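Welcome to this short tour. Please open the structure in your viewer and get ready to select a few places one after another.

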Amino acid sequence: MSLPRLFVLSPGTLAEGDVHAFELAARGLVGLDLAVVLREPNLLDGAYLRLARSLAAQVPLYLHDRAHLVTAAGARGVHVGFRSLLPDDVRRVGDFPVGLSTHACDDPATWSAADYLFHGPLKPTPSKRGRVEAVGFDGLESALRRTDRPLLALGGISPDDVSACRAAGAHGIAVLSGVWGDDWRSSRPAANALAYIDALVAVDA
């Protein structure tokens, strides 16, 4: 499995009326060395599938949770979290890569069923405040010692953090607000994503 070093998570706040505008915004990511994880829990399956098919024609795409739509969408795989099906159960749906979001409090024995991991939050983030503590670089290194799966750091990561994430042993990084900002409608996703890609290239040069 060829795994990108940069995953971009979609905002997670889209309503059905936002789909076309987001399709246009996402075109800025076409041709860049990254993959997109399509979250969007507010979209019903029909609208979600239409958006997923559009994105999968432009960028390598992973669906969040909706394993039953991976084949129909033309997506590369599926990414699941602690509220989702277990990776072993997802594999009953189809033969495609399965990613798993992990945290410091998890049992690492459950991680081996996934093909790759997101681990975090590396830094404090608004979405995790009061629920999950930031792991920091020490926590990232600890997680890496507990698994042989490719692991990407997630949570509050800036381009300046890329070198330290890779030095700790992370395969790469996963970002959300670093690409979409506080409001995806006014963001510059291509320029923002390129800043991370340039940092990754510099580390591996």
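Start with aspartate 65, which sits in the loop between β3 (61-64) and α3 (70-73); helices (H or I, at least four residues) and strands (E, at least two) are DSSP runs, numbered from the N terminus. This is a predicted model, where local features need pLDDT of at least 70, side-chain atom pairs count only at pLDDT 80 or more, and totals for chains, interfaces and linings use all residues. Residues are numbered from 1 along each chain as its sequence is written, and side-chain values use heavy atoms, with hydrogens and water left out.

Aspartate 65 is not a glycine, yet its phi is positive, at about 75°. With 34% relative accessibility, aspartate 65 is partly exposed (buried means under 20% relative accessible area, exposed over 50%, partly exposed in between; 1.4 Å probe, protein chains only).

Next, select glutamate 40, in the loop between β2 (35-38) and α2 (45-56). Is glutamate 40 buried or exposed? Glutamate 40 is buried, at a relative accessible area of 0%. Its phi is positive too, near 55°.

Now move to proline 121, in the loop between β6 (116-119) and α5 (136-145). Look at the peptide bond that leads from glycine 120 to proline 121: this bond is cis, with omega near 0°.

For the last stop, select Asp65 again and compare the view with Glu40: the loop of aspartate 65 runs between β3 (61-64) and α3 (70-73), while glutamate 40 lies between β2 (35-38) and α2 (45-56).
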